[in-house]
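Dear colleague,

Please find the structure below, together with its sequence. My notes on the aromatic rings follow it.

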Amino acid sequence: MEGEAQGSKSRLFWLIGGSVAAGFIVAIGIGIVYAIPEWARRAAESLPTAQAPEKMDQATRERMKRRQAVMAIAPAPLPTALPLIERPGKDEYGYPRSYVDGPALRSLLFHEHFAELTHYIEQFQREFDAEPLKEEWPTRAVESFGSTEPELLPKLDAWVQATPASFAPYVARGTYWMEVAGARRGGKWASDTPSENFKKMGEAQLRAVADIEHALAISPKLMVAYRQLLSADFAASHRAATETRLKQALKLCPTCFAWRARYMGALEPRWGGSYAKMEAFAREAMSATNPKLKLLASYIDMDRTDVALASKDMDGALAFADRACALPYWEALGERALVHLERNELDLALTDINQAIDQRPDVPYLHFLRARIYHRKVAWEAAAQDLIDGARVKATDDWARWLLPQIVRGLQKEASKAEGRGDRDTAFRLLDLAIELSPFDREVVRERDAAVRGNVSGNPEELAVLEAKVKSAPDDFRVHQQLDFVLAEQRAYPRILSMWTEYLGRHPDDGQAYLERSGAYYNSGQRKEAVSDAAKACELGVNHGCAYAKRMGVTP
């Protein structure tokens, strides 16, 4: 994403899943076949995956860059029960307000707790089988792995090997490959896209659909698999396959909303359908007993909103978005929030996106959209938090990649203002947050270090005062950090290590303290200990601890 003008994503991006949409659009022209039997699945597993860095051309490097995580994200705490964020009650359509804890599922993958991961994914599916109004639970559980960072693949492969009889690892890995397909293709027009990108995209799509078909063979009632394959079929102009999927899904879950919403996308004019066909399908669905199905008609106005936005008809876009929000559903609210953002109506945009996130806090797109709104409002701390919240599940998002450096600079400027007015606590907080987003930004690190060190010169008298403060405030992290910085200038690393070891004896769960001690170990030449402490900081939730461990050659 080269600038904010390119930031308007059509609703298709969040229905299909980020940049995958762009990849599937191109699939129309290259005739990929998705009905893949077992022999093709094995063939997909043998496709080439690596290339020596020294032989990479620019297109290859760009493909790799699109797959890199925007920022390091520490694993969430491991769940001890079904990874569900509990919220009381149900919405007006009878759907539970509780939602899937995607970061917790990813943490299970991170720690290679494959049996538990499989158990929980299967349990989400069982919950849906017993109560169709929980249809989003298995879908969001699987989509927690719809991010393209290469580090995910070995974990997903190991998960498949650990529980090969379950559908869970296959549909999760298929979701991953769906995202990789779009990242390999990129978001430029077909005429500006290297042919090799299309080839690599096709290889990823082959892997994706092979895994998803295999999952469906294991669990024929897996609606999340139908939803994903439906997207692949219609985007590749496989109309006959699309209609077959539709009939199968109708038979398995005649009251489900989510796959019908996906099919409404297949009926949009841009895909060879028409608004008349969309209206007819929405009207026919009303014969089912799910009251939420009345929302399907709003997808017509959401698509018209997209068309108006693309043509810069802002008044028309707002009129259609208002109609779509007649029943305030999160997708329509997100659409109108985007329109308000494009019109620079930031308070209205924030009102809509807050309501959308209240309905669906588990959708990363909504957090990235709110981060854009906060970015425009110059609310840097709030923008940073939404960026982090979205990246916990989708760390390779295009909007996130565009937003991150601007948010870091915004935090840095706000910190300078706070420092100027003597509000050091706020300056520390903002600079720590900036480093969490971009730990190797030398300018931010230098400014944070200067703020922590303060005006202490390091002469014996001031050093004695600092050491006395540490003794009188043994639990004050900032005082310890300040003494660390002063002692580091004197290369007094044994004293620093002793200080942090004593502190950690009292605070064994302080990830920041482990990270500080890691630096002292590293600077004193004890690399093994430095890596261990950085990895420990990562495990304790310090995002930049993960980044430091990886920089030292270890994937925590």
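Is Tyr329 buried or exposed? With a relative accessible area of 5%, Tyr329 is buried, a term that stands for under 20% relative accessible area, with exposed meaning over 50% and partly exposed in between (1.4 Å probe, protein chains only).

Please keep in mind that this is a predicted model, in which local features need pLDDT of at least 70 and side-chain atom pairs count only at pLDDT 80 or more, while totals for chains, interfaces and linings use all residues. Residues are numbered from 1 along each chain as its sequence is written, and side-chain values use heavy atoms, with hydrogens and water left out.

A search of the whole structure gives 12 aromatic pairs, where rings of Phe, Tyr and Trp (its six-membered ring) pair if their centres lie within 6.5 Å, and planes under 30 degrees apart count as stacked, over 60 as edge-to-face and the rest as tilted. One of them joins Phe124 and Trp137 edge-to-face, at 6.2 Å centre to centre and with 80° between the planes. Both Phe124 and Trp137 are buried.

Phe257 and Tyr329 also form an edge-to-face pair, with 5.6 Å between centres and 80° between the planes. Phe257 counts as buried at 1% relative accessibility, and ring pairs link Phe257, Tyr299, Tyr329 and Trp330 into a cluster.

Finally, the charged end of Arg551 sits over the ring of Phe440, 3.7 Å from its centre, and that of Lys155 sits over the ring of Phe110, 5.5 Å from its centre; this requires NZ of Lys or CZ of Arg within 6 Å of the ring centre and within 35 degrees of the ring normal.

Best wishes
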